[in-house]
Amino acid sequence: MNRSVLVTGGNRGLGLTIARTFADAGDRVAVTHRGSGAPAGLLGVKCDVTDGEQVRTAIAEVKDAHGPVEVLVSNAGITDDALLMRMREDQFTRVIDTNLTGAYRVARATVTDMVRLRRGRMIFVSSASGVKGLAGQANYAASKAGLIGLARSLAHELASREITANVIAPGLLDTELTGALNDDQREKLLADVPIGRTARLEEVAATALWLASARAAVVTGQVISVDGGGSLGH
Ligand code: NDP
């Protein structure tokens with residue numbers, strides 16, 4: 001497709017699979033990293049999404065190398081789980097600052113060029129936890145639910161410029177983020193999933209590629225759950 005694509009947190013995990021999927025489709029793909037460097041074939045820009053200055057600098061670097069960002073996949077995210085009774089305020093605010101305010105920062109830094117181009121795609125990686133809530137994840141679920149309000153508002157604001165804003169909400173995935181879960185926790189998370197398995201990273205990436213395609217031109221403000229039906233009815 002040969003578009004300028006930026007995937008935050010695209011140096012590993014789900015973000016890397018998304019980045020490679022766009023690169024395989026012929027796009028010019030940049031990924032953010034926080035010092036690890038970029039995997040081969042991808043342009044790496046150093047960026048912590050909690051730092052507005054780093055975000056602006058990184059997006060300027062992508063623009064210099066690949067042209068203005070046409071597809072933004074806001075994927076960088078963290079967890080810091082605790083039950084509310086034990087959750088410190090800094091645990092809450094750090095997760096919101098990374099997952100939600102970080103997404104605002106990258107959207108804010110890319111929107112002007114998209115408006116000028118009169119085209120663009122913003123895709124925010126949320127979570128089934130943000131749709132349904134999950135015990136121990138009040139901070140994470142709030143940040144991921146916040147992305148839905150962010151995307152829906154941008155969908156209204158930007159529709160007239162042919163820019164869409166959508167959310168992908170994966171269920172449990174097999175990445176470092178969930179590496180600490182034990183078998184019992186995994187079993188519980190999968191118990192209510194009609195299809196009975198978690199999504200493969202490639203299946204989530206395929207959804208991002210479709211949302212960024214011309215075929216999804218009239219899909220905006222939507223939450224696409226890629227979770228085996230685990231959040232059906234929500
Ligand atoms: P990983 O922990 O494997 O990767 C997280 C990525 O986010 C890394 O690239 C990391 O960069 C980056 N990141 C974290 N904090 C920052 C920051 N402050 N600035 C820039 N980059 C940052 O997680 P996943 O691949 O599993 O998660 C990717 C997304 O998918 C997240 O938004 C997550 O919430 C979401 N998700 C994951 C699910 C799962 O089960 N794994 C389920 C549903 C949603 P670095 O290498 O520098 O740490």
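**Chatting through a predicted model**

Mentor: Keep in mind that this is a predicted model. The UniProt annotation "domain: Ketoreductase", from an unreviewed entry, covers residues 3-175.

Trainee: OK, and how much of that span is helix and how much is strand?

Mentor: The span is 47% helix and 18% strand, and the end C-alpha atoms of residues 3-175 lie 27 Å apart.

Trainee: What about the chain, how many helices and strands are there?

Mentor: There are 7 helices and 7 strands. Starting at the N terminus, the order is β-α-β-β-α-β-α-β-α-α-β-α-α-β.

Trainee: How does the radius of gyration sit against a compact globule?

Mentor: They agree: for 234 residues a compact globule would come out near 17 Å, and the chain has 17 Å. The C-alpha trace spans about 45 × 35 × 35 Å along its principal axes, and 44% of the 234 residues count as buried.

Trainee: Switching to the ligand. Which residues are the closest?

Mentor: G9, G13, R34, G77 and T175 are the closest, out of 29 residues that surround the ligand.

Trainee: And what's the class make-up of that shell?

Mentor: The shell has 15 polar, 10 nonpolar and 4 charged residues.

Trainee: Which element gives the largest share?

Mentor: Helix 1 does, with 3 residues of the shell. Helix 1 covers 13-24, and along with strand 2 (28-33) it belongs to the elements that each supply at least two shell residues.

Trainee: New topic: helix 3. Where is the kink in it?

Mentor: The kink is centred on V111 and comes to about 40°.

Trainee: Then what span should helix 3 have, and what does the model give?

Mentor: With 29 residues at 1.5 Å a residue, helix 3 should span 42 Å, and its end C-alpha atoms are 41 Å apart, so the two agree.

Trainee: Is E89 buried or exposed, and why?

Mentor: E89 is exposed, because 8 other C-beta atoms lie within 10 Å, and a residue counts as exposed at 12 or fewer.

Trainee: Last one: how many residues apart are E89 and D227, and how far in space?

Mentor: E89 and D227 are 138 residues apart in sequence, and their C-alpha atoms are 30 Å apart in space.

Definitions and conventions
Residues numbered from 1 in each chain as written. Predicted model: local features only at pLDDT ≥ 70, side-chain atom pairs only at ≥ 80, totals over all residues. Buried ≥ 20, exposed ≤ 12 C-beta atoms within 10 Å, placed from the backbone. Near = placed C-beta within 6 Å. Helix = DSSP H or I, 4+ residues; strand = E, 2+ residues; numbered from the N terminus. Nonpolar A, V, L, I, M, F, W, Y, C, P; charged D, E, K, R; others polar. Expected span 1.5 Å × (residues − 1). Bend = angle between axes of the 7 residues up to and from the residue. UniProt positions renumbered as here; feature names shortened; annotations may be inferred. Rg over C-alpha atoms; globule rule 2.2 N^0.38 Å.
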